[in-house]
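Work through the exercises below with the sequence and the coordinates open. Each task is followed by its solution in steps.

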Amino acid sequence: MSDQPDGSGDPLDQSAEAAEAHQESAHAVEVVEEEPESSEPDAITEPGKLLRIALMLREMQEEVRRADPDEAGRQRLRQLYETSLTQMRSVLTGGLQEELDALTLPFDSDTPTESEIRIAQAQLIGWLEGLFQGIQAAIVSQQMSARQQLERMRRGLPQGMMDGPQGPGGSGNERRTGGTGQYL
């Protein structure tokens with residue numbers, strides 16, 4: 001008698017079904033994050049660039065805390081901040097770009113005060129950290145979904161194929177090649 005299934009539970013068919021289900025769940029995460037009035041889903045086209053900008057902004061914030069920038073320094077910080085926003089917008093799509101635009105306001109003057117710069121940088125860095133945590137949460141959710149699908153797929157396999165090295169119904173105490181030498 002063979003342990004092979006009768007074609008209806010073919011592991012290759014189940015694997016293909018699991019792959020399709022995983023693709024559908026990955027798409028579902030994108031749809032959940034999509035803004036209703038936006039035709040583009042939320043996405044980051046260049047995550048490395050976004051991370052570099054975030055690290056640069058954090059360093060700038062630390063430098064502003066350590067030093068007391070003069071007028072020329074504050075003007076330069078304003079230019080860097082605005083350039084950073086432009087670069088960030090270029091790698092964001094959909095609702096993320098709209099959210100960034102809604103949260104960041106232009107400075108009132110050509111030379112913002114030190115506190116205005118600190119507040120603007122802290123707000124932007126906080127938003128970026130929230131974005132990165134959201135990405136991590138989405139990845140964890142997708143991994144959990146994939147694990148659940150794998151478990152469902154495993155439950156669908158015949159008993160003999162799930163037991164692994166112990167064999168069907170085995171306790172692991174039977175004779176094995178390379179074992180401890182005990183045969184009882």
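**Exercise 1. Compare the span of helix α5 with its expected span, then list its buried residues.**

Step 1. Helix α5 covers residues 114–156, which is 43 residues. Helices (H or I, at least four residues) and strands (E, at least two) are DSSP runs, numbered from the N terminus.

Step 2. From first C-alpha to last, α5 reaches 63 Å, close to the 63 Å expected at 1.5 Å a residue. The expected span is 1.5 Å times one less than the number of residues.

Step 3. The buried residues of α5 are Glu114, Ile117, Ala120, Gln121, Leu124, Ile125, Trp127, Leu128, Leu131, Ala138, Ser145 and Gln149. Buried means under 20% relative accessible area, exposed over 50%, and partly exposed in between (1.4 Å probe, protein chains only).

The model is predicted: local features need pLDDT of at least 70, side-chain atom pairs count only at pLDDT 80 or more, and totals for chains, interfaces and linings use all residues. Residues are numbered from 1 along each chain as its sequence is written, and side-chain values use heavy atoms, with hydrogens and water left out.

**Exercise 2. Describe how α3, α4 and α5 pack in pairs.**

Step 1. Two packed helices are described by the angle between their axes and the distance between the axes. Axes are lines fitted to C-alpha atoms, for helices over the stretch in contact, and angles run from 0 to 180 degrees between N-to-C directions. Angles under 35 degrees count as roughly parallel, over 145 as roughly antiparallel, 65 to 115 as roughly perpendicular and the rest as oblique. A crossing is left-handed if the near helix is turned anticlockwise from the far one by less than a right angle, and right-handed if clockwise.

Step 2. For helix α3 (residues 71–91) and α5, the axes come within 10 Å and cross at roughly 25 degrees. The pair is therefore roughly parallel. α3 passes α5 in a left-handed crossing. Arg74, Leu77, Tyr81, Leu85 and Met88 of α3 make the contact with Glu114, Ile117, Ala120, Gln121, Leu124, Trp127 and Leu128 of α5.

Step 3. The axes of α3 and α4 come within 9 Å, crossing at roughly 160 degrees. α3 is therefore roughly antiparallel to α4. This crossing of α3 and α4 is left-handed. Here Leu85, Met88 and Arg89 in α3 meet Gln97, Leu100 and Asp101 in α4.

Step 4. Between α4 and α5 the axes come within 11 Å and cross at roughly 155 degrees, so α4 is roughly antiparallel to α5. α4 passes α5 in a right-handed crossing. The contact involves Leu96, Glu99, Leu100 and Leu103 of α4 and Gln123, Leu124, Trp127 and Leu131 of α5.

Step 5. Helix α4 (residues 94–103) has Gly94, Gly95, Leu96 and Leu100 buried. Its buried residues pack against β1 (43–44), α3, β2 and α5.

**Exercise 3. Is Thr93 buried or exposed, and which residues is Thr93 in contact with?**

Step 1. Thr93 lies in strand β2 (residues 92–93). Thr93 counts as buried because its relative accessibility is 13%.

Step 2. Leaving aside neighbours within four places in sequence, Thr93 is in contact with Glu40, Pro41, Asp42, Ala43 and Thr45. The side chain of Thr93 reaches the backbone nitrogen of Ala43 at 3.0 Å.

Step 3. Thr93 and Thr45 are 48 residues apart in sequence, while their C-alpha atoms are 7.7 Å apart in space.

**Exercise 4. Find the partners of Glu114 and of Lys49.**

Step 1. Glu114 belongs to helix α5. Its side chain joins that of Arg118 in a polar contact of 2.6 Å. A polar contact is a pair of N or O atoms within 3.5 Å; within protein, one must be able to donate a hydrogen and the other to accept it, and residues adjacent in sequence count only if both atoms are side-chain atoms.

Step 2. Not counting residues up to four places away in sequence, Glu114 touches Val64, Ala67, Asp68, Pro69 and Arg74.

Step 3. Lys49 lies in helix α2 (residues 47–66). Leaving aside neighbours within four places in sequence, Lys49 is in contact with Gln87, Ser90 and Val91.

Methods: Contact means heavy atoms within 4.5 Å.
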